Amino acid sequence: MEALRKGCRELGIALSEKQEQQFMKYYQLLLEWNQRVNLTSITDYDDVINKHFLDSLCLVKIPDVIGGEKKKVIDVGTGAGFPGIPLKIIFPEIQLTLLDSLNKRINFLNSLVEALELDEVTAIHGRAEEAGRNKKYREKFDLCVSRAVAHLSVLSEYCIPLVREAGDFISYKSGNVQEELKEAQGAVKLLGGSLRDKVDFKVPNSDMSRSLIRIEKKHATPGKYPRKSGTPGKSPLVCKN
């Protein structure tokens with residue numbers, strides 16, 4: 001547990017015994033399910049701690065975005081539950097929705113939520129474009145997070161429609177993102193967002209360089225967005241800044 005404890009201390013997080021047990025059970029279930037469901041290529045203990053658990057928790061580097069309130073949070077393209085489940089373990093007060101397009105992953109997440117005894121967590125099988133057009137989810141969340149690998153203009157069309165006005169979309173990014181940010185600014189604005197902050201950091205216990213891109217929802221997303229399923233990825237929004 002010391003690697004996880006040390007990394008959390010660097011992030012200003014003090015783990016309770018219950019939280020430590022939840023993370024260990026998470027790791028065990030991840031390995032068990034990964035033998036029959038493609039959840040992650042990262043299975044080494046230290047790598048899971050650093051590249052999944054601690055990386056997910058680096059959201060605390062934006063101190064006012066989560067914690068202390070019963071915020072409605074959605075994790076888009078959650079996969080094996082990252083970053084949503086680690087955030088829920090540390091901030092049990094949030095209401096968490098996990099969205100993924102593969103039903104096998106949803107089955108894993110439902111089993112995981114039950115095993116970890118997490119309350120107010122809902123796992124949804126579906127595409128982000130469908131959720132963004134569904135009145136049940138459209139502009140209903142205080143915060144949208146995503147570690148999904150896609151260009152920021154594509155992720156913005158997936159995620160910004162789900163965020164309420166004055167809420168935030170935060171994208172976890174790797175490497176140099178300056179050019180990507182520049183290219184995505186027009187699409188972000190068109191979708192109702194505005195770049196509020198970019199936080200660069202290294203994940204604890206590693207040399208991994210990461211960035212958190214914070215986009216604030218300034219006004220309602222036009223009704224024609226997101227476009228139909230598959231279109232954002234194939235034809236990303238290209239807009240003048």
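Me: How do the residues of the lining of the largest pocket divide by class?

Reply: Eight are nonpolar, eight polar and seven charged; here Ala, Val, Leu, Ile, Met, Phe, Trp, Tyr, Cys and Pro count as nonpolar, Asp, Glu, Lys and Arg as charged, and the others, Gly among them, as polar. This is a predicted model, in which local features need pLDDT of at least 70, side-chain atom pairs count only at pLDDT 80 or more, and totals for chains, interfaces and linings use all residues. Residues are numbered from 1 along each chain as its sequence is written, and side-chain values use heavy atoms, without hydrogens and water.

Me: What is the volume of the largest pocket, and which residues are closest to its centre?

Reply: On a 1 Å grid over the protein atoms alone, a pocket is an open set of points where a 1.4 Å probe fits, with protein on both sides within 12 Å along at least five of seven lines; lining residues have an atom within 4 Å of a point. A volume is the space filled by probe spheres set on the points, which are joined across faces, edges and corners. In this model the largest pocket holds about 450 Å³. Its lining has 23 residues, with Ile42, His52, Arg147, Ala148 and Val149 closest to the centre. Helix H3 (45–57) and strand S5 (163–174) are the elements that give two or more residues to this lining; helices (H or I, at least four residues) and strands (E, at least two) are DSSP runs, numbered from the N terminus.

Me: What lines the second largest pocket?

Reply: This pocket, of about 290 Å³, is lined by 15 residues, and Val76, Gly77, Ser101, Ala148 and Tyr158 lie nearest its centre. Strand S2 (95–100), helix H6 (128–133) and helix H7 (152–159) each supply at least two lining residues.

Me: At what angle do the axes of H2 and H5 cross?

Reply: Axes are lines fitted to C-alpha atoms, for helices over the stretch in contact, and angles run from 0 to 180 degrees between N-to-C directions. The axes of H2 (residues 17–34) and H5 (residues 103–116) cross at roughly 150 degrees and come within 10 Å. H2 is therefore roughly antiparallel to H5, a term for angles over 145 degrees.

Me: Which residues of H7 and H8 make their contact?

Reply: Contact means heavy atoms within 4.5 Å. H7 and H8 (residues 178–190) pack at about 35 degrees, with axes 8 Å apart. Leu152, Ser153 and Ser156 of H7 meet Glu180, Leu181, Ala184, Ala187 and Val188 of H8.

Notes
Parallel < 35°, antiparallel > 145°, perpendicular 65-115°, else oblique.
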